[in-house]
Amino acid sequence: MNTDIVIIGAGPSGIFTAMELIRRGSKRHIVIVEKGQPIEKRACPKAKTRKCVNCKPYCHITTGFSGAGAFSDGKLSLSCEVGGDFPSLVGEQFAQELIDYTDGIYLEFGADTKVEGVANPDAVKDIRRRAIQAGLKLVDCPIRHLGTEKAQKIYYDIEQYLLEHGVEMLFGWECTNLILEGSTCLGVTLSRGEETCEIRARRTIIATGRRGADWLEGICAEHGIAHQPGTVDIGVRVECRNEIMEKVNEVLYESKLIGHPRPFKNKVRTFCQNPGGFVSQENYDNNLAVVNGHSYKELKSNNTNLAILCSHNFSVPFNQPIAYAQKVGELTNMLANGHILVQRFGDILDGKRTWAKELAESNVKPTLPDAVAGDITAAMPYRAMTNIINFIQAMDQVVPGFASYETLLYSPELKFYSNRIRMDENLTTSIEGLHCLGDSSGWTRGLMMASCMGVLMGRKLFEMERA
């Protein structure tokens, strides 16, 4: 197949690249290649089975049109201070302009008009005061909450919009490699079972998300694509009763707190807070089970969950941060017999494992029913575990009761970001004709910033088209 533009990955950055080209009036032929299924065919059987069945050849929660975004809690962070290092590439003011523009597109497709975290500034000041006293920084970030079920409807409408405007989508195909001639990219090779094919394109865009970070790292190494080791986040998903988080949930919806706890002073942060939400499991291609969290617009639980993540940066001689995090996850999965491990915070402090009987008698009932009670500290690295414990105790000064004995910690919560790809002002890599976007590029984290990077890519491609 020959085309003008081939996009590998139908996550937010790839989707919004195609969307912006259409909105600008581009006549280029666009092909999106996605290893998963259209959004209307994505379904996790766990709703019926009550336990993860490790779907093959991929997990429907993380793979398919709109990527992991379709089954996430669907929060759009409306501040350029949140979502990775993309603002350092394009400038903070321009990044904020892109956020405002992209947010408008989400609104056009039915996003809730309500913005969380802006209605009660005096209450926000009080939370900030307590955060400062605890040695933490509260990041102001208005949130537009799509909701897991609403996000799927929004992305379905976007999928149909792209199809109606001539975008060709190839589902079930996996990109295996790039086609290079010297230092120029001419397209990609694909496979689907025993079938193989090539797509030749004037412009190739890799937008494989966190799910494809490991694959892209290998591609960079094979073809000498200029990059530098990136950050990997290792942590836990914390769950407590809504009553504990009531004030923060009401005022901010999502509290974005950052600290550098002693003795190591690594960056530790909260991420993806889900009031009334549900803890979930995601599976990667290598059978790695990781924990995440969802929040629906209508369906609510008695608990709030959020991630606490410790950032790890490696230098000489080690340059495989993704492999390091995977090993941590594999060890945790081993202890939980292939499932997610859960432990009470008080048991961690007491140096004992948690037993299923103890969970059954607790005030905090796990919203992940097949999580295995055990000992997270037997797998979590000492540095990360120490950071997490000290951060939770600091959080208790902001949210009294957060560090209670019955607070639940699930592991592993891992965020893979590709090694950061070196790019110029046109988002072109060291390989002519090759671009990398979104979380797979190492420059963004999350729905909104990945979408914004796609918008910018669409504009750059349209400018090249007109030149």
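Student: Where does Pro412 lie?
Tutor: In this predicted model, Pro412 lies in strand E19, residues 408–416.

Student: And what is the peptide bond from Ser411 to Pro412, cis or trans?
Tutor: That bond is cis, and its omega is near 5°. Most peptide bonds are trans.

Student: Which residues does the other cis bond join, with omega about 5°?
Tutor: Arg262 and Pro263 are joined by a cis peptide bond with omega of about 5°. Pro263 sits in the loop between strand E12 (257–259) and E13.

Student: Is Cys272 buried or exposed?
Tutor: Cys272 counts as buried because its relative accessibility is 8%, and the cut-off for buried is under 20%.

Student: What does Leu306 touch?
Tutor: Leaving out residues up to four places away in sequence, Leu306 touches Val236, Arg237, Val238, Thr270, Phe271, Cys272, Gln273, Met395 and Phe402. Leu306 itself is in strand E16.

Student: How far is Leu306 from Thr270, C-alpha to C-alpha?
Tutor: Their C-alpha atoms are separated by 6.7 Å, and the two residues are 36 apart along the chain. Leu306 is buried, with a relative accessible area of 0%.

Student: What covers the buried residues of H8?
Tutor: The cover includes helix H5 (121–133), strand E11 (231–241), strand E13 (268–274) and strand E16 (303–313). The buried residues of H8, which spans 242–251, are Met245, Val248, Asn249 and Val251.

Student: What is phi of Tyr253, the one H8 is followed by?
Tutor: Tyr253 has a positive phi, near 65°.

Student: Switching to H7. Which residues in it are buried?
Tutor: Helix H7 covers residues 213–223, and Ala213, Leu216, Glu217, Ile219 and Cys220 are buried there. They are on the same side of H7, because they cover an arc of only 160° around the axis.

Student: Why would residues a few places apart point the same way?
Tutor: An α-helix has 3.6 residues a turn, so residues three or four places apart point the same way.

Student: What does the face of H7 turned away from its buried side carry?
Tutor: That face carries the exposed residues Ala221 and Glu222. After H7 comes Gly224, with a positive phi near 65°.

Student: Which residues is Ser430 in contact with?
Tutor: Apart from neighbours within four places in sequence, Ser430 is in contact with Ser183, Gly224, Ile225, Ala226 and Arg422.

Student: Where is Ser430, and is it buried or partly exposed?
Tutor: Ser430 is in the loop between E20 and E21. With a relative accessible area of 31%, Ser430 is partly exposed. The C-alpha atoms of Ser430 and Thr184 are 8.9 Å apart, across 246 residues of chain.

Student: What about Leu427, where does that lie?
Tutor: Leu427 lies in the loop between strand E20 (420–421) and strand E21 (434–436). Leu427 is buried, at 1% relative accessible area. Phi of Leu427 is positive, near 60°, in a residue other than glycine.

Student: New topic. At what angle do the axes of H4 and H13 cross?
Tutor: Helix H4 (residues 92–108) and helix H13 (residues 447–466) have axes that cross at roughly 100° and come within 9 Å. That makes H4 roughly perpendicular to H13.

Student: Which residues meet there?
Tutor: From H4, Phe94, Leu98, Ile99, Tyr101, Thr102, Asp103 and Tyr106 meet Leu447, Met448, Met449, Ser451, Cys452, Val455, Leu456 and Arg459 of H13. By class, this contact has 11 nonpolar, 2 polar and 2 charged residues.

Student: Last one. How many disulfides are there?
Tutor: The count is 0 disulfides. Cys141, for instance, is in no disulfide, and the nearest cysteine sulfur, in Cys80, is 9.4 Å away. Cys141 counts as buried, at 10% relative accessibility.

Technical notes: Residues are numbered from 1 along each chain as its sequence is written. This is a predicted model: local features need pLDDT of at least 70, side-chain atom pairs count only at pLDDT 80 or more; totals for chains, interfaces and linings use all residues. Side-chain values use heavy atoms; hydrogens and water are left out. A disulfide is a pair of cysteine sulfur atoms within 2.5 Å. Buried means under 20% relative accessible area, exposed over 50%, partly exposed in between (1.4 Å probe, protein chains only). Helices (H or I, at least four residues) and strands (E, at least two) are DSSP runs, numbered from the N terminus. The arc is that of the directions from the helix axis to the C-beta atoms. Contact means heavy atoms within 4.5 Å. Axes are lines fitted to C-alpha atoms, for helices over the stretch in contact, and angles run from 0 to 180 degrees between N-to-C directions. Angles under 35 degrees count as roughly parallel, over 145 as roughly antiparallel, 65 to 115 as roughly perpendicular and the rest as oblique. Ala, Val, Leu, Ile, Met, Phe, Trp, Tyr, Cys and Pro count as nonpolar, Asp, Glu, Lys and Arg as charged, and the others, Gly among them, as polar.
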